[in-house]
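Please consult the sequence and the model alongside the numbered points.

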Amino acid sequence: MTGQDQWSAVDSYIADLFFPSDPALEAALASSAAAGLPAISVSPAQGKLLHLLARIQGARRILELGTLGGYSTIWLARGLPADGRLISLEVNPKHAEVAHANLVRAGLTGVVEIRLGPALDTLSQLVNEGSAPFDLIFIDADKQGYADYLQWSLKLSRQGTLIIADNVVRKGAVADPESKDENVHGIRKFNEVLAAEKRVTTTVIQTVGSKGYDGLALILVTENP
Ligand code: SAH
Ligand code: DHB
Ligand code: MG
(Lines give C-alpha, C1' and ligand atoms only; values in the text may rest on other atoms or scores of the structure.)
(Ligands and ions follow the chains in the order given, each with its own letter.)
Protein backbone atom coordinates (compact mmCIF):
# COMPACT_ATOMS: atom_id res chain seq x y z
CA MET A 1 0.00 0.00 0.00
CA THR A 2 1.41 3.40 -0.96
CA GLY A 3 0.27 6.98 -1.44
CA GLN A 4 -3.19 8.19 -0.40
CA ASP A 5 -4.43 4.76 0.81
CA GLN A 6 -1.44 4.46 3.09
CA TRP A 7 -1.72 8.04 4.39
CA SER A 8 -5.39 7.43 5.21
CA ALA A 9 -4.68 4.07 6.86
CA VAL A 10 -1.98 5.61 9.06
CA ASP A 11 -4.25 8.58 9.91
CA SER A 12 -6.95 6.07 11.01
CA TYR A 13 -4.37 4.16 13.04
CA ILE A 14 -3.28 7.39 14.78
CA ALA A 15 -6.87 8.51 15.35
CA ASP A 16 -7.86 5.13 16.84
CA LEU A 17 -4.91 5.27 19.23
CA PHE A 18 -4.91 8.90 20.30
CA PHE A 19 -8.34 10.45 19.64
CA PRO A 20 -11.08 8.45 21.31
CA SER A 21 -14.54 8.68 19.79
CA ASP A 22 -15.88 12.20 20.34
CA PRO A 23 -19.61 12.74 19.80
CA ALA A 24 -19.42 16.53 19.21
CA LEU A 25 -16.62 16.30 16.64
CA GLU A 26 -18.23 13.34 14.88
CA ALA A 27 -21.61 15.13 14.80
CA ALA A 28 -19.90 18.22 13.37
CA LEU A 29 -18.56 16.22 10.43
CA ALA A 30 -21.80 14.25 9.95
CA SER A 31 -24.05 17.32 9.99
CA SER A 32 -21.68 19.21 7.66
CA ALA A 33 -21.82 16.32 5.17
CA ALA A 34 -25.62 16.03 5.52
CA ALA A 35 -25.96 19.77 4.79
CA GLY A 36 -23.83 19.40 1.65
CA LEU A 37 -20.80 21.36 2.92
CA PRO A 38 -17.51 20.43 1.20
CA ALA A 39 -15.38 17.88 3.10
CA ILE A 40 -12.46 20.28 3.51
CA SER A 41 -12.19 20.64 7.27
CA VAL A 42 -8.84 19.77 8.82
CA SER A 43 -8.22 16.10 9.59
CA PRO A 44 -8.54 14.80 13.18
CA ALA A 45 -4.75 14.73 13.57
CA GLN A 46 -4.49 18.30 12.24
CA GLY A 47 -7.34 19.38 14.53
CA LYS A 48 -5.48 17.91 17.49
CA LEU A 49 -2.34 19.74 16.35
CA LEU A 50 -4.25 23.04 16.34
CA HIS A 51 -5.60 22.20 19.81
CA LEU A 52 -2.12 21.42 21.14
CA LEU A 53 -0.68 24.60 19.62
CA ALA A 54 -3.42 26.65 21.32
CA ARG A 55 -2.49 25.07 24.65
CA ILE A 56 1.27 25.35 24.12
CA GLN A 57 0.70 28.99 23.26
CA GLY A 58 -1.44 29.52 26.38
CA ALA A 59 -3.92 31.20 24.04
CA ARG A 60 -6.82 33.10 25.65
CA ARG A 61 -8.00 34.84 22.48
CA ILE A 62 -8.15 32.98 19.17
CA LEU A 63 -9.18 34.29 15.75
CA GLU A 64 -10.15 31.91 12.96
CA LEU A 65 -10.70 32.87 9.30
CA GLY A 66 -13.00 30.32 7.62
CA THR A 67 -15.43 28.47 9.92
CA LEU A 68 -17.09 25.99 7.53
CA GLY A 69 -18.96 23.57 9.85
CA GLY A 70 -16.93 24.51 12.92
CA TYR A 71 -14.78 21.39 13.07
CA SER A 72 -11.42 23.17 13.48
CA THR A 73 -13.26 25.73 15.62
CA ILE A 74 -14.20 23.05 18.16
CA TRP A 75 -10.64 21.68 18.34
CA LEU A 76 -9.21 25.19 18.86
CA ALA A 77 -11.87 26.37 21.31
CA ARG A 78 -11.30 23.31 23.46
CA GLY A 79 -7.69 24.43 23.85
CA LEU A 80 -8.77 27.66 25.57
CA PRO A 81 -8.93 28.24 29.33
CA ALA A 82 -12.39 28.69 30.93
CA ASP A 83 -12.42 32.45 30.28
CA GLY A 84 -10.95 32.18 26.76
CA ARG A 85 -12.73 33.36 23.63
CA LEU A 86 -12.63 32.47 19.93
CA ILE A 87 -13.96 34.61 17.08
CA SER A 88 -14.48 32.78 13.78
CA LEU A 89 -15.12 34.59 10.48
CA GLU A 90 -17.38 33.06 7.83
CA VAL A 91 -18.89 34.53 4.65
CA ASN A 92 -21.39 31.78 3.87
CA PRO A 93 -24.62 31.97 5.97
CA LYS A 94 -25.35 28.28 5.48
CA HIS A 95 -21.88 27.32 6.75
CA ALA A 96 -22.31 29.64 9.73
CA GLU A 97 -25.69 28.10 10.53
CA VAL A 98 -24.36 24.54 10.42
CA ALA A 99 -21.36 25.61 12.51
CA HIS A 100 -23.58 27.28 15.09
CA ALA A 101 -25.59 24.07 15.58
CA ASN A 102 -22.32 22.15 15.94
CA LEU A 103 -21.04 24.60 18.54
CA VAL A 104 -24.30 24.26 20.49
CA ARG A 105 -23.82 20.48 20.51
CA ALA A 106 -20.22 20.95 21.65
CA GLY A 107 -21.32 23.26 24.50
CA LEU A 108 -19.17 26.11 23.13
CA THR A 109 -21.70 28.87 22.40
CA GLY A 110 -20.44 30.93 25.34
CA VAL A 111 -16.87 30.65 24.05
CA VAL A 112 -17.17 31.04 20.28
CA GLU A 113 -18.61 33.94 18.31
CA ILE A 114 -19.16 33.43 14.57
CA ARG A 115 -19.06 36.72 12.64
CA LEU A 116 -20.87 36.48 9.33
CA GLY A 117 -19.48 38.41 6.38
CA PRO A 118 -16.44 38.68 4.13
CA ALA A 119 -13.35 38.24 6.30
CA LEU A 120 -11.78 41.46 4.97
CA ASP A 121 -14.76 43.50 6.24
CA THR A 122 -14.84 41.80 9.62
CA LEU A 123 -11.07 42.11 10.06
CA SER A 124 -11.24 45.85 9.47
CA GLN A 125 -14.18 46.04 11.93
CA LEU A 126 -12.11 44.22 14.55
CA VAL A 127 -9.27 46.70 14.08
CA ASN A 128 -11.69 49.66 14.26
CA GLU A 129 -13.26 48.26 17.43
CA GLY A 130 -9.80 48.32 19.00
CA SER A 131 -10.05 44.59 19.52
CA ALA A 132 -7.27 43.36 21.82
CA PRO A 133 -4.53 41.39 20.08
CA PHE A 134 -5.13 37.70 19.51
CA ASP A 135 -2.75 35.05 20.86
CA LEU A 136 -3.38 32.64 17.98
CA ILE A 137 -4.79 33.25 14.49
CA PHE A 138 -5.77 30.40 12.15
CA ILE A 139 -6.03 31.46 8.50
CA ASP A 140 -8.16 28.97 6.53
CA ALA A 141 -10.58 31.00 4.34
CA ASP A 142 -10.33 31.63 0.57
CA LYS A 143 -6.78 31.13 -0.64
CA GLN A 144 -6.78 34.22 -2.92
CA GLY A 145 -7.25 36.35 0.18
CA TYR A 146 -4.36 34.93 2.21
CA ALA A 147 -1.83 37.73 1.47
CA ASP A 148 -4.33 40.37 2.64
CA TYR A 149 -5.35 38.23 5.62
CA LEU A 150 -1.72 38.14 6.70
CA GLN A 151 -1.56 41.95 6.82
CA TRP A 152 -4.79 42.20 8.80
CA SER A 153 -3.69 39.40 11.09
CA LEU A 154 -0.52 41.33 11.89
CA LYS A 155 -2.64 44.37 12.85
CA LEU A 156 -4.50 42.09 15.27
CA SER A 157 -1.31 40.52 16.70
CA ARG A 158 1.24 41.24 19.41
CA GLN A 159 4.82 40.10 19.78
CA GLY A 160 4.45 36.37 20.46
CA THR A 161 1.22 35.79 18.53
CA LEU A 162 1.20 32.50 16.62
CA ILE A 163 -0.34 32.65 13.14
CA ILE A 164 -1.12 29.33 11.45
CA ALA A 165 -2.11 29.13 7.78
CA ASP A 166 -3.69 26.00 6.28
CA ASN A 167 -3.31 24.59 2.77
CA VAL A 168 -0.03 26.22 1.84
CA VAL A 169 1.36 23.24 -0.15
CA ARG A 170 -1.65 22.19 -2.29
CA LYS A 171 -0.44 18.70 -3.32
CA GLY A 172 2.97 20.21 -4.07
CA ALA A 173 1.55 22.58 -6.70
CA VAL A 174 2.80 25.52 -4.66
CA ALA A 175 6.34 24.85 -5.94
CA ASP A 176 5.19 25.22 -9.57
CA PRO A 177 5.55 28.83 -10.76
CA GLU A 178 3.63 27.91 -13.94
CA SER A 179 0.52 26.74 -12.09
CA LYS A 180 -2.70 28.21 -13.53
CA ASP A 181 -4.71 27.37 -10.39
CA GLU A 182 -5.98 30.58 -8.72
CA ASN A 183 -5.73 29.02 -5.28
CA VAL A 184 -2.11 28.04 -5.89
CA HIS A 185 -1.46 31.55 -7.15
CA GLY A 186 -2.98 32.99 -3.97
CA ILE A 187 -0.86 30.77 -1.77
CA ARG A 188 2.33 31.55 -3.72
CA LYS A 189 1.67 35.27 -3.27
CA PHE A 190 1.02 34.70 0.44
CA ASN A 191 4.27 32.75 0.84
CA GLU A 192 6.25 35.47 -0.95
CA VAL A 193 4.80 38.27 1.17
CA LEU A 194 5.37 36.16 4.27
CA ALA A 195 8.99 35.45 3.36
CA ALA A 196 9.64 39.19 2.95
CA GLU A 197 7.86 40.14 6.19
CA LYS A 198 10.40 41.29 8.79
CA ARG A 199 8.07 41.12 11.79
CA VAL A 200 7.68 37.32 11.73
CA THR A 201 9.67 34.12 11.61
CA THR A 202 8.17 31.21 9.70
CA THR A 203 8.35 27.60 8.69
CA VAL A 204 6.11 25.45 6.49
CA ILE A 205 5.48 21.83 7.37
CA GLN A 206 4.32 19.49 4.61
CA THR A 207 1.57 17.14 5.76
CA VAL A 208 0.05 13.91 4.43
CA GLY A 209 -2.98 12.08 5.82
CA SER A 210 -6.67 11.52 5.24
CA LYS A 211 -6.90 14.99 3.64
CA GLY A 212 -4.17 14.24 1.12
CA TYR A 213 -0.90 16.11 0.69
CA ASP A 214 -0.82 19.71 1.87
CA GLY A 215 0.93 21.89 4.43
CA LEU A 216 0.68 24.30 7.33
CA ALA A 217 2.64 27.52 7.79
CA LEU A 218 3.67 28.28 11.38
CA ILE A 219 4.37 31.98 11.81
CA LEU A 220 5.61 33.57 15.02
CA VAL A 221 5.18 37.33 15.33
CA THR A 222 8.51 38.58 16.65
CA GLU A 223 7.81 42.32 16.94
CA ASN A 224 4.88 44.35 18.21
CA PRO A 225 3.28 45.29 14.85
N1 SAH B 1 -11.51 25.88 9.18
C2 SAH B 1 -12.46 24.90 8.66
C3 SAH B 1 -12.44 24.82 7.14
C4 SAH B 1 -12.67 26.14 6.45
S5 SAH B 1 -13.03 25.93 4.72
C6 SAH B 1 -12.10 23.54 9.25
O7 SAH B 1 -10.94 23.14 9.10
O8 SAH B 1 -12.98 22.88 9.83
C9 SAH B 1 -13.00 27.59 4.20
C10 SAH B 1 -14.19 28.43 4.67
O11 SAH B 1 -13.88 29.79 4.37
C12 SAH B 1 -15.51 28.10 3.95
O13 SAH B 1 -16.52 27.86 4.88
C14 SAH B 1 -15.79 29.37 3.15
O15 SAH B 1 -17.18 29.68 3.04
C16 SAH B 1 -15.09 30.43 3.97
N17 SAH B 1 -14.74 31.62 3.21
C18 SAH B 1 -14.41 31.71 1.90
N19 SAH B 1 -14.19 32.98 1.56
C20 SAH B 1 -14.37 33.73 2.67
C21 SAH B 1 -14.31 35.12 2.96
N22 SAH B 1 -13.98 36.00 2.03
N23 SAH B 1 -14.57 35.51 4.21
C24 SAH B 1 -14.89 34.63 5.19
N25 SAH B 1 -14.97 33.30 4.97
C26 SAH B 1 -14.73 32.86 3.73
C1 DHB C 1 -9.80 23.84 0.19
C2 DHB C 1 -9.90 24.68 1.28
C3 DHB C 1 -9.44 24.27 2.51
O4 DHB C 1 -9.49 25.08 3.60
C5 DHB C 1 -8.90 23.00 2.67
O6 DHB C 1 -8.44 22.64 3.90
C7 DHB C 1 -8.82 22.16 1.58
C8 DHB C 1 -9.28 22.58 0.35
C9 DHB C 1 -10.27 24.30 -1.14
O10 DHB C 1 -10.85 25.39 -1.20
O11 DHB C 1 -10.05 23.58 -2.10
MG1 MG D 1 -8.08 24.38 5.08
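**Note on the ligand sites**

1. Ligand 2 sits in the largest pocket. A pocket is an open set of points on a 1 Å grid over the protein atoms alone, where a 1.4 Å probe fits, with protein on both sides within 12 Å along at least five of seven lines; a molecule sits in it if more than half of its atoms lie within 2 Å of its grid points. The space taken by ligand 1 is likewise the largest pocket.

2. The model is predicted, with local features requiring pLDDT of at least 70 and side-chain atom pairs counted only at pLDDT 80 or more, while totals for chains, interfaces and linings use all residues. Residues are numbered from 1 along each chain as its sequence is written, chains are lettered from A and ligands numbered from 1 in the order in which they are written, and side-chain values use heavy atoms, without hydrogens and water.

3. Which residues are around ligand 2? They are Ile 40, Asp 140, Lys 143, Asp 166, Asn 167 and Arg 170, where a residue counts if one of its heavy atoms lies within 4 Å. This shell comprises four charged residues, one polar and one nonpolar; Asp, Glu, Lys and Arg count as charged, Ala, Val, Leu, Ile, Met, Phe, Trp, Tyr, Cys and Pro as nonpolar, and the others, Gly among them, as polar.

4. Oxygen atoms of ligand 2 lie 2.7 Å from an N or O atom in the side chain of Asn 167, 3.1 Å from a backbone N or O atom of Ile 40 and 3.4 Å from a polar side-chain atom of Arg 170. Ligand 2 taken alone exposes 290 Å², of which the protein buries 69%; such areas come from the Shrake-Rupley method with a 1.4 Å probe.

5. The magnesium ion (ligand 3) is coordinated at 2.1 Å by Asp 140 (OD), Asp 166 (OD) and Asn 167 (OD1). Their spacing in sequence is D-x25-D-N. Donors here are N, O and S atoms within 2.8 Å of the metal (3.2 Å for Na, K and Ca), and the site may look incomplete because water is not among the atoms. Asp 166 and Asn 167 are both buried, that is, under 20% relative accessible area (1.4 Å probe, protein chains only).

6. Around ligand 1 there are 22 residues, of which Ser 72, Glu 90, His 95, Ala 119 and Asp 140 come nearest. A nitrogen atom of ligand 1 is 2.8 Å from an N or O atom in the side chain of Asp 140, and a nitrogen atom of ligand 1 is 2.8 Å from a polar backbone atom of Gly 66. Taken alone, ligand 1 exposes 580 Å², and the protein buries 88% of that.

Key: A polar contact is a pair of N or O atoms within 3.5 Å; within protein, one must be able to donate a hydrogen and the other to accept it, and residues adjacent in sequence count only if both atoms are side-chain atoms. On a 1 Å grid over the protein atoms alone, a cavity is a set of points where a 1.4 Å probe fits but cannot get out, and a pocket is an open set with protein on both sides within 12 Å along at least five of seven lines; lining residues have an atom within 4 Å of a point. Buried means under 20% relative accessible area, exposed over 50%, partly exposed in between (1.4 Å probe, protein chains only).
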